[in-house]
Amino acid sequence: MLGNMSNPVKKVPIHLQSSQNRLLIKNGKVVTEDDVFDEDVYIEDGIIKQMGRNLIIPGGTRVIDARGNYLLPGGIDPHTHFDFEFMGTRSVDDFYTGTKSAIAGGTTMIIDFVFPKEGESLLDAFYEYRRKADGKVCCDYSLHVCLPTWSAHVQRDMETLCKEHGVNSFKMFMAYDFMLDDGQLYSAFEQCQKLGAIAQVHAENGPVIAKNAERLLAQGITGPEGHELSRPEELEAEAVNRACVIAKQVDCPLYVVHVMSRSAAKKVAEARDDGGRVYGETLAAALGTYGARSEHECFRHSAGHVLSPPLRPDPATPDCLMTCLALDVLQLTGSDNCTFNKSQKELGIENFTKIPNGVNGVEDRMSVVWEKGVHAGIISPSRFVAVTSTNAAKIFNLYPKKGCIAVGSDADIVVWNGNAVRTISAQTHHQAVDFNIFEGMQCHGVPEYVIVSGRVCLEEGQLRVAEGHGHFVDTPVFAPYVYEPEKMAELKPTRNGPAVPAVEPLELEDDFRLMKVQHDYILASTHEPDSVHTPIGKGARPEGQRNIQESTFSLSEELDTDRKSSIRVRNPPGGKSSGFW
């Protein structure tokens with residue numbers, strides 16, 4: 001049985017009802033956060049009704065043969081900015097092109113950010129975002145709400161949004177002109193804790209960045225390379241640490257958006273090891289590329305890679321962040337999709353501080369994480385499901401309605417071909433933006449079918465979406481995973497794989513032993529369909545297996561602390577995580 005789901009079952013509009021209203025997916029490998037198993041899935045009225053073999057189904061049901069492929073829960077992108085007014089311009093992907101592109105890549109739900117304009121209340125801004133999104137979204141969506149100021153009125157609006165409008169997360173900035181100071185952060189975190197909401201932070205040291213930018217411009221450094229130089233990773237790490245310390249004072253759960261550096265990941269690890277309810281998100285951009293691209297002699301190319309916090313110049317950073325995902329130091333991947341075209345980026349052609357910050361990623365996130373994680377042998381298919389879907393559903397209280405394949409869950413499913421290869425390009429993507437930071441990257445891992453609320457929206461490369469087909473989904477407060485993790489067992493679907501064996505806590509003093517445990521665990525927990533494998537050749541490995549001898553990544557160096565090893569792995573790397581299972 002599934003736990004109580006507060007949202008009513010959505011009915012498929014009459015004009016969309018067809019044989020797709022009843023759908024059977026056969027012969028696939030269902031992947032959950034902790035298991036891979038063979039079961040057929042029967043869908044009706046947008047809900048998963050049956051799972052198993054030899055199911056008895058109504059006549060006229062459409063059948064999809066998924067033999068040799070995985071069945072994944074649809075991706076949940078917890079970090080997008082569609083139709084967003086920022087730095088004197090507006091992001092080019094709106095809620096239609098953004099969610100359409102998300103579906104093309106295997107993401108079936110997004111969570112966007114309400115950002116109030118100057119003088120606008122949180123409530124009015126929320127209503128405006130609902131107005132912009134409701135008629136355009138092609139898949140379901142929820143909303144975070146940003147707090148660009150702090151006041152008694154903001155405090156009251158937060159309470160109304162939580163109690164009446166299905167919002168359970170609020171984002172604060174530690175950089176930009178609208179950043180909150182430490183005292184305001186304390187008050188905002190305190191209010192989030194009182195309401196049962198989740199505090200999110202954009203963690204950078206804004207005042208120091210401003211002084212750095214002033215100095216660089218005075219030295220004649222005006223190009224895009226000045227962006228990263230003004231925002232070095234120690235400023236990200238300092239802000240992450242400060243946010244964690246402040247949140248701990250009021251016992252507030254903290255979600256650090258877009259962790260972009262090893263130094264920041266280290267601070268998240270330390271806070272979690274110290275008992276903090278801290279959750280870390282990294283981006284497809286941080287996993288798929290690095291900061292050298294921002295130093296390209298072509299302005300369009302370098303400015304196209306500008307986001308904040310910036311891509312780091314160290315080429316080992318993506319490997320470090322992916323390993324942090326495997327070890328549950330970080331829990332989620334988002335896109336931070338905030339796209340601007342060439343002419344918009346050129347607003348900062350003479351001053352890097354005026355380049356609109358943002359990159360693409362909503363369409364390519366799933367493939368990039370599979371390529372750099374599963375195909376590279378760093379994470380298993382189950383961990384892939386956790387970091388691209390299930391963990392977001394749990395943190396934002398959408399589970400098990402979203403984020404899993406189980407009887408009673410929404411029929412948001414991806415038939416995933418782990419071996420098919422596609423080349424990413426701005427010439428072929430579905431987004432409105434004219435640039436792609438992953439240009440030319442070959443990715444193993446392609447969605448063959450994408451089912452959104454029971455409707456086949458992507459079929460063998462053909463994308464068919466309906467504008468306005470998606471719905472707003474409430475994110476109730478006091479998410480059990482965040483506030484009462486012991487209750488998660490009550491929400492877990494009855495058929496979601498066997499229990500994962502516990503592993504004794506492991507110190508990080510011996511990084512080779514740790515990497516061997518990770519390697520052995522992933523091998524033991526990965527189950528591959530007979531017909532799905534990664535060809536073995538030069539530079540290639542079976543999925544779930546990593547050639548440690550070839551790796552230049554040292555976990556003891558990346559996450560070393562003054563105490564030498566304050567971080568403990570409480571559960572199997574790439575698998576079980578405290579509070580989830």
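Me: Why are helix α3 and helix α4 called roughly parallel to each other?
Reply: In this predicted model, the axes of α3 (residues 152–164) and α4 (residues 182–195) cross at roughly 30° and come within 11 Å. Axes are lines fitted to C-alpha atoms, for helices over the stretch in contact, with angles from 0 to 180 degrees between N-to-C directions. Angles under 35 degrees count as roughly parallel, over 145 as roughly antiparallel, 65 to 115 as roughly perpendicular and the rest as oblique. The pair α3 and α4 is therefore roughly parallel.

Me: Which residues make the contact?
Reply: Contact means heavy atoms within 4.5 Å. On α3 they are Q155, M158, E159 and C162, and on α4 A188, Q191, C192 and L195. They divide into five nonpolar, two polar and one charged, where Ala, Val, Leu, Ile, Met, Phe, Trp, Tyr, Cys and Pro count as nonpolar, Asp, Glu, Lys and Arg as charged, and the others, Gly among them, as polar.

Me: What makes β5 and β6 edge strands?
Reply: The open sheet has four strands in the order β5-β4-β1-β6, with mixed pairing. Two strands pair if DSSP finds at least two bridges between them. β5 (47–52) and β6 (62–65) each pair on one side only.

Me: How do you know that β1 and β6 pair?
Reply: β1 (residues 22–26) and β6 have four bridges, in the parallel sense, against the required at least two. L24 stands opposite V63 in β6.

Residues are numbered from 1 along each chain as its sequence is written. Local features need pLDDT of at least 70, side-chain atom pairs count only at pLDDT 80 or more, totals for chains, interfaces and linings use all residues, and side-chain values use heavy atoms, leaving out hydrogens and water.

Key: Helix = DSSP H or I, 4+ residues; strand = E, 2+ residues; numbered from the N terminus.
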